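Please keep the sequence and the structure in view while reading.

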Amino acid sequence: SQQVRGMATLKMISIRLKSVKNIQKITQSMKMVSAAKYTKAERELKSARPYGIGAQEFYKKAEVKDEEGEKGQLIIAVSSDRGLCGAVHSSIGRIVKTDIAASPNTKVVIVGDKVRNILQRLYAKNIAMVVTEVGRKPAVFGDAALVAQSIINSGIEFSKGKILFNAFRTVVSFRTTEMPLYSQNAVANASKLPVYDSLDSDVIQSYTEFSLASLLFYSMKENATSEQSSRMTAMDNASKNAGEMIDKLTMTFNRTRQAVITRELIEIISGAAALETKN
Amino acid sequence: MERMALTRSALRLFSGRFTQACQVRGYADAPSMSLTFAAPSQVLYNNISVKQIDVPSFSGSFGILPAHVPTLAVLKPGVVTVFENDGSTKKFFVSSGTVTINEDSTVQLLAEEAVPVDTLDISAAKELLAQSQSQLASASSEVAKAEAEISIEVSEALVKACE
(Lines give C-alpha, C1' and ligand atoms only; values in the text may rest on other atoms or scores of the structure.)
Protein backbone atom coordinates (compact mmCIF):
# COMPACT_ATOMS: atom_id res chain seq x y z
CA SER A 1 0.00 0.00 0.00
CA GLN A 2 2.94 2.32 0.46
CA GLN A 3 3.97 1.78 -3.15
CA VAL A 4 0.53 2.62 -4.56
CA ARG A 5 0.98 6.30 -3.69
CA GLY A 6 2.77 8.64 -6.11
CA MET A 7 2.55 9.19 -9.85
CA ALA A 8 3.95 5.85 -10.91
CA THR A 9 4.86 2.81 -8.87
CA LEU A 10 8.34 1.34 -8.91
CA LYS A 11 7.00 -1.80 -10.59
CA MET A 12 5.42 0.12 -13.46
CA ILE A 13 8.55 2.17 -14.07
CA SER A 14 10.78 -0.89 -14.06
CA ILE A 15 8.49 -2.68 -16.54
CA ARG A 16 8.59 0.34 -18.82
CA LEU A 17 12.36 0.57 -18.46
CA LYS A 18 12.85 -3.08 -19.38
CA SER A 19 10.69 -2.77 -22.49
CA VAL A 20 12.45 0.38 -23.72
CA LYS A 21 15.81 -1.33 -23.19
CA ASN A 22 14.61 -4.25 -25.30
CA ILE A 23 13.46 -1.91 -28.02
CA GLN A 24 16.84 -0.23 -28.04
CA LYS A 25 18.55 -3.60 -28.46
CA ILE A 26 16.25 -4.47 -31.36
CA THR A 27 16.72 -1.16 -33.16
CA GLN A 28 20.46 -1.34 -32.69
CA SER A 29 20.64 -4.80 -34.19
CA MET A 30 18.38 -3.71 -37.07
CA LYS A 31 20.78 -0.86 -37.67
CA MET A 32 23.74 -3.28 -37.82
CA VAL A 33 21.92 -5.55 -40.25
CA SER A 34 20.95 -2.61 -42.44
CA ALA A 35 24.51 -1.30 -42.40
CA ALA A 36 25.78 -4.64 -43.69
CA LYS A 37 23.07 -4.82 -46.37
CA TYR A 38 23.74 -1.22 -47.32
CA THR A 39 27.44 -1.87 -47.89
CA LYS A 40 26.61 -4.75 -50.22
CA ALA A 41 23.88 -2.81 -52.02
CA GLU A 42 26.12 0.20 -52.56
CA ARG A 43 28.85 -2.01 -54.00
CA GLU A 44 26.42 -3.64 -56.40
CA LEU A 45 25.00 -0.26 -57.32
CA LYS A 46 28.44 1.02 -58.27
CA SER A 47 28.76 -1.83 -60.77
CA ALA A 48 25.22 -1.33 -62.00
CA ARG A 49 25.37 2.44 -62.54
CA PRO A 50 27.24 2.44 -65.88
CA TYR A 51 24.80 -0.20 -67.09
CA GLY A 52 21.79 1.83 -66.03
CA ILE A 53 23.13 5.09 -67.38
CA GLY A 54 24.14 3.38 -70.64
CA ALA A 55 20.64 1.98 -71.00
CA GLN A 56 19.18 5.50 -71.00
CA GLU A 57 21.62 6.94 -73.54
CA PHE A 58 19.79 5.89 -76.68
CA TYR A 59 16.57 7.61 -75.64
CA LYS A 60 18.45 10.83 -74.96
CA LYS A 61 20.57 10.74 -78.11
CA ALA A 62 17.68 9.81 -80.39
CA GLU A 63 15.54 12.54 -78.78
CA VAL A 64 12.63 10.22 -78.18
CA LYS A 65 9.53 12.04 -76.97
CA ASP A 66 6.31 10.79 -75.42
CA GLU A 67 3.78 9.49 -77.90
CA GLU A 68 0.98 11.82 -78.88
CA GLY A 69 -2.05 9.89 -77.87
CA GLU A 70 -4.76 9.23 -75.38
CA LYS A 71 -3.66 5.82 -74.20
CA GLY A 72 -2.90 7.20 -70.78
CA GLN A 73 0.12 7.07 -68.52
CA LEU A 74 2.01 4.11 -67.08
CA ILE A 75 3.85 4.51 -63.80
CA ILE A 76 6.10 1.77 -62.45
CA ALA A 77 6.52 2.51 -58.74
CA VAL A 78 9.56 0.79 -57.27
CA SER A 79 9.58 0.15 -53.54
CA SER A 80 9.73 -2.94 -51.35
CA ASP A 81 7.83 -5.08 -48.86
CA ARG A 82 9.53 -3.94 -45.68
CA GLY A 83 9.01 -0.84 -43.64
CA LEU A 84 10.82 1.02 -40.87
CA CYS A 85 12.91 2.78 -43.46
CA GLY A 86 12.00 6.42 -43.17
CA ALA A 87 10.34 8.27 -46.02
CA VAL A 88 11.32 5.81 -48.76
CA HIS A 89 7.87 4.38 -49.49
CA SER A 90 5.75 7.38 -48.57
CA SER A 91 7.63 9.69 -50.94
CA ILE A 92 6.86 7.38 -53.87
CA GLY A 93 3.26 6.98 -52.78
CA ARG A 94 2.80 10.73 -52.55
CA ILE A 95 4.03 11.37 -56.08
CA VAL A 96 1.87 8.58 -57.51
CA LYS A 97 -1.16 10.07 -55.78
CA THR A 98 -0.57 13.55 -57.21
CA ASP A 99 0.04 12.07 -60.65
CA ILE A 100 -3.17 10.07 -60.63
CA ALA A 101 -5.08 13.10 -59.40
CA ALA A 102 -3.65 15.13 -62.30
CA SER A 103 -4.33 12.52 -64.99
CA PRO A 104 -6.91 9.92 -63.93
CA ASN A 105 -6.17 7.69 -66.93
CA THR A 106 -3.04 6.35 -65.24
CA LYS A 107 -2.12 2.74 -64.68
CA VAL A 108 0.32 1.85 -61.94
CA VAL A 109 2.53 -1.21 -61.72
CA ILE A 110 3.63 -1.52 -58.10
CA VAL A 111 6.81 -3.31 -57.13
CA GLY A 112 6.63 -3.99 -53.40
CA ASP A 113 3.81 -4.22 -50.87
CA LYS A 114 4.33 -0.97 -49.05
CA VAL A 115 3.26 1.34 -51.86
CA ARG A 116 0.31 -0.96 -52.54
CA ASN A 117 -0.87 -0.38 -48.99
CA ILE A 118 -0.60 3.36 -49.50
CA LEU A 119 -2.54 3.39 -52.77
CA GLN A 120 -5.05 0.65 -52.14
CA ARG A 121 -7.60 2.69 -50.28
CA LEU A 122 -8.25 5.46 -52.79
CA TYR A 123 -6.73 4.32 -56.08
CA ALA A 124 -7.31 0.57 -56.22
CA LYS A 125 -8.80 0.96 -59.71
CA ASN A 126 -5.55 2.36 -61.09
CA ILE A 127 -3.40 -0.50 -59.86
CA ALA A 128 -2.61 -2.70 -62.83
CA MET A 129 -0.17 -5.16 -61.25
CA VAL A 130 1.56 -5.71 -57.93
CA VAL A 131 4.90 -7.47 -57.52
CA THR A 132 5.61 -8.92 -54.06
CA GLU A 133 8.49 -10.72 -52.35
CA VAL A 134 10.66 -7.70 -53.08
CA GLY A 135 13.45 -6.51 -50.84
CA ARG A 136 14.36 -9.56 -48.87
CA LYS A 137 17.24 -10.49 -51.15
CA PRO A 138 19.24 -8.17 -53.41
CA ALA A 139 17.69 -7.83 -56.86
CA VAL A 140 19.23 -9.65 -59.81
CA PHE A 141 18.66 -9.01 -63.48
CA GLY A 142 16.41 -12.06 -63.67
CA ASP A 143 13.94 -10.40 -61.26
CA ALA A 144 13.75 -7.28 -63.39
CA ALA A 145 13.38 -9.42 -66.50
CA LEU A 146 10.47 -11.26 -64.88
CA VAL A 147 8.67 -8.01 -64.05
CA ALA A 148 9.36 -6.62 -67.52
CA GLN A 149 8.02 -9.81 -69.12
CA SER A 150 4.83 -9.62 -67.05
CA ILE A 151 4.29 -6.02 -68.05
CA ILE A 152 4.80 -6.88 -71.71
CA ASN A 153 2.57 -9.95 -71.49
CA SER A 154 -0.22 -7.98 -69.86
CA GLY A 155 -0.41 -5.84 -72.99
CA ILE A 156 -0.64 -2.54 -71.13
CA GLU A 157 -0.67 0.31 -73.65
CA PHE A 158 0.52 3.77 -72.79
CA SER A 159 1.45 7.05 -74.44
CA LYS A 160 3.58 8.36 -71.60
CA GLY A 161 5.48 6.31 -69.04
CA LYS A 162 7.88 6.59 -66.17
CA ILE A 163 9.67 4.59 -63.54
CA LEU A 164 9.50 6.14 -60.06
CA PHE A 165 12.23 5.19 -57.64
CA ASN A 166 14.55 6.63 -55.00
CA ALA A 167 17.94 7.45 -56.42
CA PHE A 168 20.74 7.03 -53.92
CA ARG A 169 22.77 10.15 -53.21
CA THR A 170 24.59 9.73 -49.90
CA VAL A 171 24.19 7.67 -46.75
CA VAL A 172 21.88 10.26 -45.29
CA SER A 173 20.03 11.44 -48.39
CA PHE A 174 18.19 10.06 -51.38
CA ARG A 175 16.16 11.74 -54.08
CA THR A 176 12.85 10.49 -55.48
CA THR A 177 13.50 10.44 -59.21
CA GLU A 178 11.64 9.49 -62.34
CA MET A 179 13.09 7.83 -65.43
CA PRO A 180 11.07 8.22 -68.61
CA LEU A 181 9.69 5.14 -70.33
CA TYR A 182 8.84 5.23 -73.98
CA SER A 183 6.44 3.02 -75.88
CA GLN A 184 7.48 1.31 -79.10
CA ASN A 185 5.47 3.83 -81.10
CA ALA A 186 7.24 6.70 -79.38
CA VAL A 187 10.60 5.21 -80.37
CA ALA A 188 9.46 4.58 -83.93
CA ASN A 189 8.43 8.23 -84.24
CA ALA A 190 11.54 9.69 -82.63
CA SER A 191 12.90 12.71 -84.42
CA LYS A 192 16.40 11.32 -84.76
CA LEU A 193 15.42 7.73 -85.47
CA PRO A 194 16.04 7.95 -89.24
CA VAL A 195 19.69 8.61 -88.38
CA TYR A 196 19.88 5.03 -87.11
CA ASP A 197 20.54 2.62 -89.90
CA SER A 198 18.79 -0.62 -90.86
CA LEU A 199 16.17 -0.79 -88.14
CA ASP A 200 13.04 -2.84 -88.44
CA SER A 201 10.16 -3.22 -86.00
CA ASP A 202 11.60 -6.51 -84.69
CA VAL A 203 14.82 -4.86 -83.64
CA ILE A 204 12.95 -1.94 -82.07
CA GLN A 205 10.67 -4.33 -80.19
CA SER A 206 13.53 -6.46 -78.84
CA TYR A 207 15.49 -3.34 -77.98
CA THR A 208 12.66 -1.68 -76.04
CA GLU A 209 11.82 -4.91 -74.21
CA PHE A 210 15.41 -5.47 -73.13
CA SER A 211 15.82 -1.86 -72.15
CA LEU A 212 12.67 -2.01 -70.01
CA ALA A 213 14.25 -4.85 -68.05
CA SER A 214 17.57 -2.99 -67.83
CA LEU A 215 15.99 0.26 -66.62
CA LEU A 216 13.88 -1.63 -64.10
CA PHE A 217 16.94 -3.46 -62.80
CA TYR A 218 18.84 -0.21 -62.40
CA SER A 219 15.97 1.50 -60.56
CA MET A 220 15.62 -1.52 -58.24
CA LYS A 221 19.31 -1.33 -57.38
CA GLU A 222 19.17 2.40 -56.66
CA ASN A 223 16.03 2.00 -54.59
CA ALA A 224 17.47 -0.88 -52.57
CA THR A 225 20.52 1.16 -51.64
CA SER A 226 18.40 4.17 -50.66
CA GLU A 227 16.13 1.92 -48.60
CA GLN A 228 18.95 0.30 -46.64
CA SER A 229 20.70 3.57 -45.91
CA SER A 230 17.39 5.16 -44.88
CA ARG A 231 16.61 2.24 -42.58
CA MET A 232 20.07 2.51 -41.04
CA THR A 233 19.46 6.20 -40.25
CA ALA A 234 15.94 5.57 -38.97
CA MET A 235 17.04 2.76 -36.66
CA ASP A 236 19.96 4.81 -35.44
CA ASN A 237 17.61 7.66 -34.52
CA ALA A 238 15.26 5.21 -32.86
CA SER A 239 18.09 3.80 -30.73
CA LYS A 240 19.14 7.30 -29.73
CA ASN A 241 15.58 8.22 -28.77
CA ALA A 242 15.24 4.98 -26.84
CA GLY A 243 18.50 5.83 -25.08
CA GLU A 244 17.12 9.22 -24.04
CA MET A 245 13.95 7.62 -22.74
CA ILE A 246 16.01 5.12 -20.77
CA ASP A 247 17.98 7.93 -19.14
CA LYS A 248 14.83 9.80 -18.20
CA LEU A 249 13.11 6.68 -16.89
CA THR A 250 16.16 5.67 -14.86
CA MET A 251 16.17 9.12 -13.23
CA THR A 252 12.47 8.80 -12.44
CA PHE A 253 13.02 5.27 -11.14
CA ASN A 254 15.82 6.34 -8.81
CA ARG A 255 13.89 9.34 -7.55
CA THR A 256 10.82 7.22 -6.92
CA ARG A 257 12.93 4.60 -5.15
CA GLN A 258 14.48 7.25 -2.90
CA ALA A 259 11.05 8.74 -2.22
CA VAL A 260 9.73 5.35 -1.18
CA ILE A 261 12.65 4.78 1.17
CA THR A 262 12.29 8.26 2.64
CA ARG A 263 8.59 7.69 3.19
CA GLU A 264 9.24 4.41 5.00
CA LEU A 265 11.87 6.06 7.18
CA ILE A 266 9.53 8.95 8.03
CA GLU A 267 6.81 6.56 9.04
CA ILE A 268 9.13 4.49 11.19
CA ILE A 269 10.64 7.52 12.86
CA SER A 270 7.36 9.27 13.44
CA GLY A 271 5.95 6.04 14.82
CA ALA A 272 8.90 5.73 17.18
CA ALA A 273 8.66 9.39 18.19
CA ALA A 274 4.93 8.97 18.92
CA LEU A 275 5.69 6.01 21.18
CA GLU A 276 8.39 8.01 22.99
CA THR A 277 6.20 11.03 23.65
CA LYS A 278 3.50 8.69 24.89
CA ASN A 279 5.93 7.42 27.41
CA MET B 1 43.55 47.19 -97.17
CA GLU B 2 45.95 45.44 -99.49
CA ARG B 3 47.26 43.42 -96.59
CA MET B 4 43.72 42.27 -95.79
CA ALA B 5 43.14 41.32 -99.43
CA LEU B 6 46.44 39.44 -99.45
CA THR B 7 45.68 37.56 -96.22
CA ARG B 8 42.18 36.76 -97.49
CA SER B 9 43.48 35.24 -100.71
CA ALA B 10 46.25 33.47 -98.79
CA LEU B 11 43.63 32.00 -96.46
CA ARG B 12 41.55 30.88 -99.41
CA LEU B 13 44.60 29.14 -100.83
CA PHE B 14 45.39 27.41 -97.55
CA SER B 15 41.81 26.38 -96.79
CA GLY B 16 41.55 24.84 -100.26
CA ARG B 17 44.62 22.80 -99.56
CA PHE B 18 43.35 21.74 -96.17
CA THR B 19 40.02 20.53 -97.47
CA GLN B 20 41.79 18.48 -100.08
CA ALA B 21 44.02 17.01 -97.41
CA CYS B 22 40.97 16.22 -95.25
CA GLN B 23 39.34 14.25 -98.01
CA VAL B 24 42.46 12.15 -98.39
CA ARG B 25 42.29 11.06 -94.75
CA GLY B 26 40.41 7.85 -94.02
CA TYR B 27 38.23 6.68 -91.13
CA ALA B 28 41.26 5.56 -89.20
CA ASP B 29 42.11 9.14 -88.33
CA ALA B 30 38.59 10.05 -87.23
CA PRO B 31 38.08 10.79 -83.51
CA SER B 32 37.96 7.48 -81.67
CA MET B 33 34.76 6.23 -80.17
CA SER B 34 33.82 5.99 -76.55
CA LEU B 35 32.66 2.54 -75.44
CA THR B 36 30.51 1.70 -72.44
CA PHE B 37 30.40 -2.09 -72.17
CA ALA B 38 28.53 -3.22 -69.08
CA ALA B 39 26.57 -6.11 -67.64
CA PRO B 40 24.10 -5.69 -64.76
CA SER B 41 26.66 -6.92 -62.25
CA GLN B 42 29.89 -5.54 -63.63
CA VAL B 43 31.38 -2.80 -65.72
CA LEU B 44 33.92 -3.78 -68.35
CA TYR B 45 34.42 -0.45 -70.10
CA ASN B 46 32.97 2.85 -68.93
CA ASN B 47 33.31 5.59 -71.58
CA ILE B 48 36.68 4.27 -72.65
CA SER B 49 38.05 5.25 -76.02
CA VAL B 50 38.72 2.17 -78.20
CA LYS B 51 39.68 1.50 -81.79
CA GLN B 52 37.27 -1.23 -82.87
CA ILE B 53 34.61 -3.55 -81.49
CA ASP B 54 33.38 -6.76 -83.12
CA VAL B 55 29.90 -7.79 -82.02
CA PRO B 56 27.75 -10.85 -82.77
CA SER B 57 24.21 -9.78 -83.54
CA PHE B 58 21.06 -11.33 -84.91
CA SER B 59 21.46 -9.28 -88.05
CA GLY B 60 24.98 -10.65 -88.53
CA SER B 61 28.34 -10.11 -86.86
CA PHE B 62 29.82 -6.75 -87.59
CA GLY B 63 32.74 -4.60 -86.58
CA ILE B 64 32.28 -1.11 -85.22
CA LEU B 65 34.84 1.55 -86.08
CA PRO B 66 34.73 5.21 -85.12
CA ALA B 67 32.18 7.11 -87.21
CA HIS B 68 30.16 3.93 -87.81
CA VAL B 69 26.66 4.72 -88.95
CA PRO B 70 24.30 4.99 -85.96
CA THR B 71 22.30 1.84 -85.42
CA LEU B 72 20.70 -0.46 -82.88
CA ALA B 73 21.24 -4.20 -82.79
CA VAL B 74 20.29 -7.15 -80.62
CA LEU B 75 23.18 -9.34 -79.48
CA LYS B 76 23.37 -13.05 -80.21
CA PRO B 77 25.26 -15.42 -77.88
CA GLY B 78 28.86 -15.12 -78.99
CA VAL B 79 32.17 -13.41 -78.60
CA VAL B 80 32.69 -9.65 -78.46
CA THR B 81 36.21 -8.55 -79.38
CA VAL B 82 37.42 -5.15 -78.24
CA PHE B 83 40.49 -3.66 -79.92
CA GLU B 84 41.91 -1.15 -77.50
CA ASN B 85 43.85 1.98 -78.37
CA ASP B 86 47.16 0.51 -77.21
CA GLY B 87 46.82 -2.37 -79.65
CA SER B 88 45.72 -5.07 -77.21
CA THR B 89 42.67 -7.22 -77.90
CA LYS B 90 40.22 -8.50 -75.33
CA LYS B 91 37.55 -11.10 -75.95
CA PHE B 92 34.37 -11.49 -73.93
CA PHE B 93 31.55 -14.00 -74.23
CA VAL B 94 28.11 -12.40 -74.10
CA SER B 95 24.83 -14.21 -73.63
CA SER B 96 22.46 -11.59 -75.00
CA GLY B 97 21.81 -7.89 -74.90
CA THR B 98 21.74 -4.80 -77.08
CA VAL B 99 24.25 -2.56 -78.79
CA THR B 100 23.59 1.12 -79.52
CA ILE B 101 25.79 3.21 -81.80
CA ASN B 102 24.93 6.90 -81.58
CA GLU B 103 25.57 9.82 -83.89
CA ASP B 104 28.39 11.16 -81.73
CA SER B 105 30.30 7.85 -81.97
CA THR B 106 29.42 6.71 -78.46
CA VAL B 107 28.70 3.00 -78.21
CA GLN B 108 26.68 1.37 -75.44
CA LEU B 109 27.07 -2.38 -75.34
CA LEU B 110 24.69 -3.71 -72.71
CA ALA B 111 25.03 -7.44 -72.19
CA GLU B 112 22.91 -9.55 -69.93
CA GLU B 113 25.99 -11.54 -68.97
CA ALA B 114 29.55 -10.98 -70.11
CA VAL B 115 32.61 -12.95 -69.12
CA PRO B 116 36.19 -12.93 -70.39
CA VAL B 117 36.66 -15.83 -72.78
CA ASP B 118 39.65 -17.22 -70.93
CA THR B 119 37.51 -17.91 -67.86
CA LEU B 120 35.34 -20.36 -69.84
CA ASP B 121 35.68 -24.10 -69.23
CA ILE B 122 35.21 -26.08 -72.44
CA SER B 123 34.19 -29.31 -70.70
CA ALA B 124 31.46 -27.51 -68.76
CA ALA B 125 30.31 -25.90 -72.00
CA LYS B 126 30.11 -29.29 -73.78
CA GLU B 127 28.21 -30.71 -70.84
CA LEU B 128 25.75 -27.83 -71.01
CA LEU B 129 25.29 -28.48 -74.74
CA ALA B 130 24.51 -32.16 -74.12
CA GLN B 131 22.09 -31.21 -71.37
CA SER B 132 20.22 -28.70 -73.52
CA GLN B 133 19.97 -31.18 -76.39
CA SER B 134 18.35 -33.76 -74.13
CA GLN B 135 16.07 -31.01 -72.80
CA LEU B 136 14.91 -30.27 -76.32
CA ALA B 137 14.22 -33.95 -76.92
CA SER B 138 12.09 -34.17 -73.81
CA ALA B 139 10.40 -30.79 -74.18
CA SER B 140 6.63 -30.90 -74.24
CA SER B 141 5.25 -27.38 -74.54
CA GLU B 142 6.15 -24.66 -77.05
CA VAL B 143 7.66 -22.56 -74.28
CA ALA B 144 9.84 -25.43 -73.03
CA LYS B 145 10.96 -26.14 -76.60
CA ALA B 146 11.88 -22.50 -77.16
CA GLU B 147 13.79 -22.38 -73.88
CA ALA B 148 15.70 -25.54 -74.78
CA GLU B 149 16.52 -24.13 -78.22
CA ILE B 150 17.85 -20.93 -76.65
CA SER B 151 19.92 -23.05 -74.27
CA ILE B 152 21.36 -24.99 -77.21
CA GLU B 153 22.20 -21.79 -79.05
CA VAL B 154 24.06 -20.39 -76.06
CA SER B 155 25.95 -23.61 -75.32
CA GLU B 156 26.95 -24.02 -78.98
CA ALA B 157 28.32 -20.50 -78.96
CA LEU B 158 30.11 -21.20 -75.68
CA VAL B 159 31.78 -24.29 -77.10
CA LYS B 160 32.78 -22.34 -80.20
CA ALA B 161 34.22 -19.55 -78.08
CA CYS B 162 36.36 -21.97 -76.11
CA GLU B 163 37.91 -23.52 -79.22
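The model is predicted: local features need pLDDT of at least 70, side-chain atom pairs count only at pLDDT 80 or more, and totals for chains, interfaces and linings use all residues. Residues are numbered from 1 along each chain as its sequence is written, chains are lettered from A and ligands numbered from 1 in the order in which they are written, and side-chain values use heavy atoms, with hydrogens and water left out.

**The interface**

Chain B places 27 residues in contact with 22 residues of chain A, where contact means heavy atoms within 4.5 Å. The size of an interface is often given as the accessible area lost when the parts come together. Between chain B and chain A the buried area is about 2000 Å², and carbon and sulfur atoms give 70% of it; this area is what two parts lose on being put together, summed over both, with a 1.4 Å probe. On the chain B side, B:P40, B:L72 and B:L110 lose the most area to chain A, together 31% of what that side buries.

The rule finds two salt bridges across the interface of chain B and chain A, a salt bridge being a side-chain nitrogen of Lys or Arg within 4 Å of a carboxyl oxygen of Asp or Glu. B:E103 forms a salt bridge with A:K192, with the closest N and O atoms 3.3 Å apart. Seven residue pairs across the interface of chain B and chain A are in polar contact, both residues at pLDDT 80 or more. A polar contact is a pair of N or O atoms within 3.5 Å; within protein, one must be able to donate a hydrogen and the other to accept it, and residues adjacent in sequence count only if both atoms are side-chain atoms.

Among the strands of chain B that each supply at least two residues of the side touching chain A are β1 (33-39) and β2 (42-55). The most comes from β7(B), with five residues. Helices (H or I, at least four residues) and strands (E, at least two) are DSSP runs, numbered from the N terminus.

**The nonpolar cores**

A nonpolar core is a set of buried Ala, Val, Leu, Ile, Met, Phe, Trp, Tyr and Cys residues joined through side-chain atoms within 4.5 Å. The largest has 38 residues, of which A:I76, A:I151, A:I163 and A:L216 touch the most other members. Helix α6(A) gives the most to this core, with nine residues. Beyond its neighbours within four places in sequence, A:I151 is in contact with residues including A:I76, A:V109 and A:L216. Apart from this core lies another, of 20 residues, among them B:L35 and B:I101.

Buried means under 20% relative accessible area, exposed over 50%, and partly exposed in between (1.4 Å probe, protein chains only).

| Residue | Relative accessibility | Class |
|---|---|---|
| A:S34 | 3% | buried |
| A:I26 | 49% | partly exposed |
| A:R49 | 30% | partly exposed |

A:S34 is found in helix α1 of chain A. Not counting residues up to four places away in sequence, A:S34 touches A:Q228, A:R231 and A:M232. A:I26 is also in helix α1 of chain A; the C-alpha atoms of A:I26 and A:K162, 136 residues apart along the chain, are separated by 37 Å.

A:R49 belongs to helix α1 of chain A. The side chain of A:R49 reaches the backbone oxygen of A:F168 at 2.9 Å.
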